[in-house]
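Reader: Hi! I'm new to this one, could you walk me through it?
Author: Happy to. Have a look first, and then ask away.

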Amino acid sequence: MQCLLVSRFPHVISLKSSRRSRLYDSGWTGILLVVVLLAAWELSVSTGTVRSDSWPALSSVLTALVHGATSESWASMFGSTLYRMTCGFLLGTVLGIVVGVLFGVASYVNRVLMPTLEIFRTTPIPAIVPPLIFLLGVDDELKITIVALAAFFPVALNTLAGVRQVDPIHLQVAQTFRVPRLKAILRIQLPSTLPYVFAGARISLGISLIVAVVTEMLAGSEGVGYFIVSMEYAMRADDMYAAIIILSVLGYVLNRLFVLLEAKCIRWARVLHLRLT
Amino acid sequence: MKAPAAPLSPGRRESDLLVIKGVSKTYGSAAQGVMAIRTVDLTVRAGEFMSIVGPSGCGKSTLLQIAAGLLPATVGEVQLGGTKVTSPPEGMVCLFQQYSRSLFPWLTVEDNVRFAFDHHASLDRGKTGERCRRYLEMVGLADFRRNYPWELSGGMQQRVAIARALAAEPRILLLDEPFSSVDALTRLELHGLIVDIWSRTGVTILLVTHDVDEAVFLSDRIALLTKRPSVLAKLFENKLPRPRDPVSSGEDPDFLSLRHELLSRVLDPR
Amino acid sequence: MSNVARRFRQLIIEPMPGLLFIAACIAGLEAMASAKWINPAFSPVPSLVGHRLWEILDSGAVLEPLAQTLGLLTAGYFLACGVGISLGLLMGYYRTAYVLFEPLLELLRPIPKPALLPPLMLVLGLGSAMKIAIVFLGALFPILINTIQAARAVDVVLVDVGRTFRSGPFRIIWRVVFPASLPMILAGMRVSLGLGLVLVVLAEMLTGAGGLGSRIVDLQRSFQAQEMYAWTVVLAGLGLILAVAFNWMERTVAFWSFRR
């Protein structure tokens with residue numbers, strides 16, 4: 001292994017391997033950079049170098065952050081966005097799994113419907129919003145539908161890939177042993193397709209959150225997206241930045257939680273698989 | 001292309017091309033590390049064909065990589081033509097075991113060979129093409145110069161790698177088990193090819209192999225390493241007359257006795 | 001099967017069921033419109049949309065907004081490719097560069113880029129600079145991250161080949177690491193292209209300052225449904241053409257990864 005490291009990074013661990021390169025290895029330089037940049041940000045405002053409504057000081061952003069994290073109105077604002085995100089995510093994921101399995105199993109359906117799907121997939125999401133406003137209005141139905149549409153594609157495509165990669169030989173073996181079809185599906189296809197489904201769902205989760213926010217920016221009257229845009233109009237930059245930070249942390253946490261859920265489910269599916277043998 | 005001659009240190013002969021002096025290699029820290037090579041002293045003379053053999057895991061490939069300047073030695077040093085080796089030096093090219101991974105898949109066979117020497121963008125494409133063709137002809141692949149490596153068989157890919165190495169016109173070639181992943185018949189063909197090239201160009205060759213037969217057939221001298229942590233067990237002189245024929249040499253008594261001694265010592269658990 | 005026959009099969013016969021389905025949907029919509037089952041004030045009527053679309057294309061009215069959207073996207077995208085690939089290769093090859101920038105990257109990555117539109121609008125205004133900037137920021141990360149991953153994972157044998165032929169670091173990065181990383185870099189570039197298009201359209205919709213996005217929003221607000229649908233078709237067509245063009249480019253540039 002050391003051999004690989006050395007030949008890959010000849011300029012870090014040279015034949016004159018010095019203590020200096022060992023120090024860089026430990027990674028404090030990156031953290032220092034972040035600290036320096038944050039300090040520069042704060043100083044740029046506090047020394048008066050930058051004096052503008054659109055460039056808030058780090059300290060005021062942090063204040064707004066603390067205020068927002070403890071405020072009820074912010075909690076309900078994030079709550080409503082999360083509600084729409086979750087509804088759309090679940091709807092899109094379920095549809096995606098159904099369509100993915102269907103396309104994978106019935107190749108003719110695939111041939112007929114895939115071009116239509118491809119057209120929708122390559123269309124940028126904001127382009128779909130105004131037409132849907134005409135058809136669905138500007139309430140929750142619109143936003144949930146759009147989130148579902150966006151969440152649908154990664155799940156559908158990944159599920160399709162998962163169904164396809166199941167070795168047909170395994171299925172033939174099951175047929176030879178006259179294993180009932182449902183059992184074959186659960187024993188063979190489910191465990192190997194599940195990781196793909198989860199991979200697609202994880203991507204969709206991130207997309208769901210951001211699309212929920214985008215729809216609120218374009219057609220909202222409440223929610224995080226609407227809040228951020230209103231703060232922009234009101235030139236209240238510190239609140240705006242604070243909301244963005246909380247949004248980013250939220251996205252990160254959701255992703256991590258989902259990864260844990262994914263690990264648990266895959267383990268459960270494996271147990272199920274063993275129990276059915 | 002010859003490096004300026006360094007003043008001879010005491011005990012060094014003019015014909016000593018590659019000198020491995022007291023090389024030791026330990027992976028990891030001194031306390032909990034794995035010592036691959038305890039200490040090896042070896043000298044390769046200019047123009048000779050030397051092989052290094054030994055049991056699996058004895059560090060022969062590691063030793064070659066150190067000699068090639070790709071890996072640093074923990075203790076000791078390597079000298080090429082009197083100059084210390086700290087990084088891959090001028091006049092030396094190393095050929096890797098995983099030849100199919102060593103050819104660039106985005107380049108044609110000809111462009112792969114050209115990579116060996118086109119450091120300077122100022123080189124004329126016509127002249128470089130001529131040089132590439134010459135070395136591809138030497139390995140019998142001139143007709144395939146516009147193909148991509150992944151379109152060729154394993155043996156052909158290895159020949160492209162050889163042509164590329166030769167195109168750099170080195171003084172010494174280091175070969176790291178180059179024939180271990182080809183089938184037996186292709187291996188014999190490649191043996192013939194490498195001996196042919198060696199006798200035609202006069203290049204020095206240092207070959208690492210686990211195949212004792214191969215070492216005896218090809219080399220002038222054979223260095224036998226012990227198992228890990230390795231030292232040089234014995235240096236064998238191979239007096240078999242050249243040209244050597246793959247069919248009849250297998251029945252030659254001198255060949256067989258050398259092979260016998262080498263093989264029994266390699267397989268010896270001690 | 002001869003080459004010509006195979007190409008014919010690929011281009012005409014295989015997509016046929018899918019194309020027929022689309023044609024059937026369009027015909028169905030048209031029938032529903034004639035039967036007054038759908039309201040032409042809100043729902044698309046294919047004949048009317050088609051008519052408007054033809055007008056837009058024929059008169060050349062499509063050119064100005066299309067050129068603006070495409071131009072801004074291209075500018076931000078190529079900037080992101082340049083910065084993303086260069087920085088990614090450096091970070092992938094030099095441990096010091098990687099260690100230096102990685103924490104900053106990990107902090108900026110989870111920020112959803114569309115959410116950065118309002119701050120950017122405050123700081124840079126509503127014009128081209130802001131739009132190019134948001135496309136740049138959005139497109140940068142997938143390319144950068146993929147480049148770093150690919151550069152770090154380059155086959156050590158290839159790097160050793162570069163070294164044994166005494167290539168300096170620049171030559172190794174440019175002629176070995178970069179080509180070897182191309183397939184994965186292109187995967188990141190594909191994601192970035194889609195994301196960039198979303199961001200430029202979104203920016204146009206929020207600022208209303210020219211381009212396809214603001215045209216569509218204007219038409220939606222003035223209740224000109226059929227005209228709006230026509231422009232939506234233009235935008236969808238742009239997305240489709242970009243995707244197809246990218247696929248073609250990928251097969252040409254990283255040809256070896258499709259054969260192995």
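Reader: Let's start with chain C. Among its contacts between residues at least 6 apart in sequence, what share join residues at least 24 apart?
Author: That share is 72% in chain C. Keep in mind as we go that this is a predicted model.

Reader: Thanks! How many helices and strands does chain C have?
Author: Chain C has 12 helices and 0 strands. Read from the N terminus, its elements go α-α-α-α-α-α-α-α-α-α-α-α.

Reader: Is chain C compact or spread out?
Author: Chain C is more spread out than a compact globule, because its radius of gyration is 23 Å, well over the 18 Å that the globule rule gives for 260 residues. Along the principal axes, its C-alpha atoms fill a box of roughly 75 × 60 × 30 Å.

Reader: And what percentage of chain C counts as buried?
Author: Of its 260 residues, 43% count as buried.

Reader: How many residues of chain C are in contact with chain A?
Author: There are 52 residues of chain C in contact with 52 residues of chain A. On the chain C side, the elements giving two or more residues include helix H2 (16–34), helix H9 (169–207) and helix H11 (225–253).

Reader: What kinds of residues are on that side of chain C?
Author: The side of chain C that touches chain A has 41 nonpolar, 7 polar and 4 charged residues.

Reader: Over to chain A, then. What is its secondary structure?
Author: Chain A comes to 12 helices and 0 strands. Buried residues make up 34% of its 277 residues.

Reader: What's the average pLDDT there?
Author: Chain A averages a pLDDT of 82, and 86% of the residues score at least 70. Over residues 1–24 of chain A, though, the pLDDT is below 50; this stretch has 29 contacts in the model beyond near neighbours in sequence. Where pLDDT is low, the predicted coordinates should not be read in detail.

Reader: Good to know. Now chain B: what domains is it divided into?
Author: Chain B is divided into domain 1 (16–91 + 172–267) and domain 2 (105–169). The C-alpha centres of these two domains of chain B lie 26 Å apart.

Definitions and conventions:
Residues are numbered from 1 along each chain as its sequence is written. Chains are lettered from A and ligands numbered from 1 in the order in which they are written. This is a predicted model: local features need pLDDT of at least 70, side-chain atom pairs count only at pLDDT 80 or more; totals for chains, interfaces and linings use all residues. Two residues are in contact if their C-beta atoms, placed from the backbone, lie within 7 Å. Helices (H or I, at least four residues) and strands (E, at least two) are DSSP runs, numbered from the N terminus. Ala, Val, Leu, Ile, Met, Phe, Trp, Tyr, Cys and Pro count as nonpolar, Asp, Glu, Lys and Arg as charged, and the others, Gly among them, as polar. pLDDT is the predictor's confidence in each residue, from 0 to 100. Domain bounds come from an automatic or database domain assignment. A residue is buried if 20 or more other C-beta atoms lie within 10 Å of its own, exposed if 12 or fewer, and partly exposed in between; C-beta atoms are placed from the backbone. The radius of gyration is taken over C-alpha atoms; the globule rule is 2.2 Å times the number of residues to the power 0.38.
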